[in-house]
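Colleague: Could you take me through the ring contacts of a model, giving the general criterion and then the case at hand?

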Amino acid sequence: MKFDDGLNGLFAVLMGLGMVLYSAGLPDMPHIDYGPGFFPTLVGYGFILAGSTLIVRRIVAGGGAVDGWVRLRETGRAGIMGFGVILCAILAYVLLVELLGFLLLAPVLLFTMIYWFERRALRAAVIAIVGTVVFHTFFYQLMSAPLPWGPLEPWAGVLTW
């Protein structure tokens with residue numbers, strides 16, 4: 001099943017707008033340049049930009065009548081399995097992150113998902129490692145989000161860059 005890009009874009013713009021408006025009302029934190037609304041605002045603007053891009057692309061590609069808001073197509077087992085891989089990765093993160101820690105679990109999950117969809121092991125490995133470092137740096141260092149260390153707890157000071 002595939003929704004029309006105009007409809008997806010409108011949904012993304014409305015979600016982004018809601019996130020920006022909600023996060024604007026979050027309280028500021030003393031002695032910190034950004035508060036709890038900083039990241040949701042960034043994500044909201046990202047949704048607005050992505051949704052606007054979908055809408056513009058839909059208009060440029062054939063802004064005429066909509067063939068149907070929803071198109072059914074045969075995805076077969078690959079589509080269902082892809083959904084299952086993502087769902088299992090989310091569940092594995094929720095269930096295992098405290099035990100294994102972010103730095104050990106994230107590259108495994110990222111590699112699994114990227115390899116499943118791309119089927120290129122080297123690319124998946126590089127993106128998983130670089131992505132984990134980028135995510136860890138952004139959330140742990142910049143946003144001060146407490147990411148679990150798991151068995152790497154004794155080396156937390158060494159691994160903090």
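**Rings and their neighbours**

Modeller: The charged end of R119 sits over the ring of W116, at 4.6 Å from its centre, where sitting over a ring requires NZ of Lys or CZ of Arg within 6 Å of the ring centre and within 35 degrees of the ring normal. This is a predicted model, in which local features need pLDDT of at least 70 and side-chain atom pairs count only at pLDDT 80 or more, while totals for chains, interfaces and linings use all residues. Residues are numbered from 1 along each chain as its sequence is written, and side-chain values use heavy atoms, with hydrogens and water left out.

Colleague: How many aromatic pairs does a search of the whole structure find?

Modeller: Rings of Phe, Tyr and Trp (its six-membered ring) pair if their centres lie within 6.5 Å, and planes under 30 degrees apart count as stacked, over 60 as edge-to-face and the rest as tilted. The search of the whole structure finds 6 such pairs. The ring centres of Y93 and F102 are 6.4 Å apart with the planes at 85°, so this pair is edge-to-face. Y140 and W149 also form an edge-to-face pair, with 5.4 Å from centre to centre and 85° between the planes.

Colleague: Is F102 buried or exposed?

Modeller: Buried means under 20% relative accessible area, exposed over 50%, and partly exposed in between (1.4 Å probe, protein chains only). F102 has 8% relative accessibility and therefore counts as buried, whereas Y93, at 30%, counts as partly exposed. In the other pair, W149 is buried with a relative accessible area of 8%, and Y140, at 24%, is partly exposed.
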